[in-house]
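Please read them with the structure open.

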Amino acid sequence: MSAIKQGPHYEIDSSELAAWLESQGVDRWWNVDGDPLLTGRVSFPCPADELAAELRAINRPLLLHAKNPDAKGQRIDRTRLDELVSRLFGNLPANGRGSVAWPSDRLFYFCWKDSPYDWMLIEDSLTTKAEMDQISEAK
Amino acid sequence: MPRRPTDLTRKIKDILQHVSPLPDEARVPILHYRRTGTDIWGSLAYIEDVFQRVNDAEQADISLYPAVMNRHLGRLYGMTLVNLVETFERLLKELAAECVDCLAPFVVDDRFNIFRIQGSGLAAHFGTATLGKSLCESATWLDCEEINERFRKLLSDPFHAGTFYLFPKPPGQQPERERWRYEPMSIIWQIRHTAVHNVGVITQSDGVKLRLLAKEPVTAPRVLAPTRDDIRYLKRFLDETAAICNERVCLRLAELLTLLHTATPTLFVPQETANRVASCFRIAAQVAGATGVMPTD
C-alpha cells in the first residue's frame with residue numbers, strides 16, 4: 001500500500017527526526033497528516049518538543065521519500081534532513097506564470113518501516129506565529 | 001437551448017453511495033476522535049496554505065483581496081468549528097457505547113433505562129450494531145446536564161443513583177478540579193447550536209442563552225465570525241477534555257467492574273476484562289487486581 005516503499009527512499013530512526021525537529025526550534029509547531037500511530041498519541045498541531053518526545057518513545061525506523069533515484073533505503077541521520085525537506089506547493093508555479101515569493105511550510109513524506117501508511121509531517125507556521133505572538137503579548 | 005431535465009431525486013440518493021470506509025482508528029473512541037480532529041485541522045491548514053500562496057503571489061492580478069480571502073476563511077473556520085464539536089459529541093457517544101457493552105452482561109438493574117429508544121430504532125440496529133451503539137448512537141449528546149445524567153446512571157454502583165459526573169457542575173459536584181470545564185463546554189454546545197441551526201446567526205434568543213452561560217454581554221443579532229485562533233483554542237480545549245473524559249470514564253468503568261467482580265467472583269475473568277478495557281480506552285486500567293494489557297500499535 002505504501003508508495004514510499006515502492007519508490008526512492010532513505011531510512012532514518014525516529015529519534016534522529018526528533019533531534020532534527022528540536023534543532024529547528026522547540027517552539028515550532030508541526031502537523032501530521034495520515035499517520036494513525038502519531039495521531040493516536042498526540043494532539044495536533046503540536047510543538048516540536050512534544051512531538052520529539054513521542055518520536056523518541058516510539059523509537060522505530062522511518063522511511064523518508066526522496067527525489068533522488070539512487071535512494072534505495074540507505075540509512076541517514078539528522079544532518080541530511082535539511083537537504084531533503086520539501087515545501088508545500090513550493091515547487092509549483094503560481095497560476096503557471098512564475099514562482100511565489102512566500103516560502104510555504106516545510107514537509108516530509110514518511111512511512112514507518114513496519115507500516116503500510118504513508119503520511120506527511122508538515123510545518124505549521126501560522127500556529128507557530130500565533131503562539132509566539134501570544135507569548136510576546138503576555139510579556 | 002433548454003437545459004436537459006435532471007432527476008434530482010436520483011442525484012440526492014447518489015450522495016449515499018459516495019462513501020469511504022471508516023479508518024482503522026474507528027475501533028477505539030479516543031483514537032477515532034484524534035484522527036478526525038487531526039484530519040479536520042490538516043484540511044484547514046492545507047486550504048490556508050493555498051490561500052496564502054495565491055495571496056502572496058508576485059502577480060497582482062492573481063492575488064486575492066484580503067477582505068474576500070478573510071470572508072472565505074471565516075466561513076471555513078465556522079464549518080471547522082462545527083466539525084470539531086461534532087467529533088467531540090461522537091466521542092461521548094462512543095465512550096458510552098463501550099461502557100454499555102462492557103457492563104451489559106453483568107448488570108440487572110435499571111441503569112440502561114436512562115436511554116430512550118423506540119422499538120423501531122432498536123430494530124434498525126439489530127444484527128449489526130452492538131447494544132451500546134443501538135442505545136447511544138441515535139441520541140444527541142449536546143448538553144452537559146443530559147450527558148452527566150447518562151454517564152452518572154450508566155456508571156453507578158448497582159442499584160444506586162450514582163455520583164460520577166463527566167462535567168461536574170459548580171458548586172457541589174466532584175471532582176472539583178474539573179468543574180471549570182462545565183462553563184466553556186456549555187458555551188461550546190450553544191455556539192454549535194447557533195452555527196448549525198442558524199448558519200452562525202446569533203439570534204436574540206441565542207444571545208440571551210449565551211449571555212447567561214458566559215455571564216457577560218453578547219450582542220445579538222450578529223453573525224459568528226470565528227478566527228483561526230478561536231478554532232485553535234477550541235481544538236485545544238476539546239482535545240484536552242477528550243483525553244480527560246476518556247481517562248475518567250475508563251477508570252470509573254474499571255472501578256465498577258471491580259465492584260461487580262468482588263460481589264460475584266465467577267462473573268468474569270479479570271485479566272480478560274481488563275484487557276478489553278485497555279483495548280477500548282487505551283489505558284492500562286486495573287480490574288479486580290488485573291492490569292489491562294495494551295494492544296500494540
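Is the crossing in which H3(B) passes H6(B) left-handed or right-handed?

1. The crossing of H3(B) past H6(B) is left-handed. Note that this is a predicted model. Helix H3 of chain B covers residues 66–103 and helix H6 of chain B covers residues 144–154. Their axes come within 11 Å and cross at roughly 15°. An angle under 35 degrees counts as roughly parallel, so H3(B) is roughly parallel to H6(B).

2. On the H3(B) side, this contact is made by Leu92(B), Ala96(B), Cys99(B) and Val100(B). H6(B) contributes Ile147(B), Arg150(B), Phe151(B) and Leu154(B). By class, the contact of H3(B) with H6(B) has 7 nonpolar residues, 1 charged residue and no polar ones.

3. A second pair in chain B is helix H7 (residues 182–197) with helix H8 (residues 204–214). The two axes come within 9 Å and cross at roughly 165°, which means that H7(B) runs roughly antiparallel to H8(B). The crossing of H7(B) and H8(B) is left-handed.

4. In that contact, H7(B) supplies Glu183(B), Ser186(B), Ile187(B), Gln190(B) and Thr194(B). From H8(B) come Asp206(B), Lys209(B), Leu210(B), Leu213(B) and Ala214(B). The residues of the contact of H7(B) with H8(B) divide into 4 nonpolar, 3 polar and 3 charged.

5. In chain A, helix H6 spans residues 125–138, 14 residues in total. From first C-alpha to last it reaches 20 Å, close to the 20 Å expected at 1.5 Å a residue. H6(A) is hardly covered, with a count of buried residues of 1 among its 14.

How values were computed. Residues numbered from 1 in each chain as written. Chains lettered and ligands numbered in written order. Predicted model: local features only at pLDDT ≥ 70, side-chain atom pairs only at ≥ 80, totals over all residues. Helix = DSSP H or I, 4+ residues; strand = E, 2+ residues; numbered from the N terminus. Expected span 1.5 Å × (residues − 1). Buried ≥ 20, exposed ≤ 12 C-beta atoms within 10 Å, placed from the backbone. Axes fitted to C-alpha atoms, helices over the stretch in contact; angles between N-to-C directions. Parallel < 35°, antiparallel > 145°, perpendicular 65-115°, else oblique. Left-handed = near helix turned anticlockwise from the far one by under 90°. Contact = placed C-beta atoms within 7 Å. Nonpolar A, V, L, I, M, F, W, Y, C, P; charged D, E, K, R; others polar.
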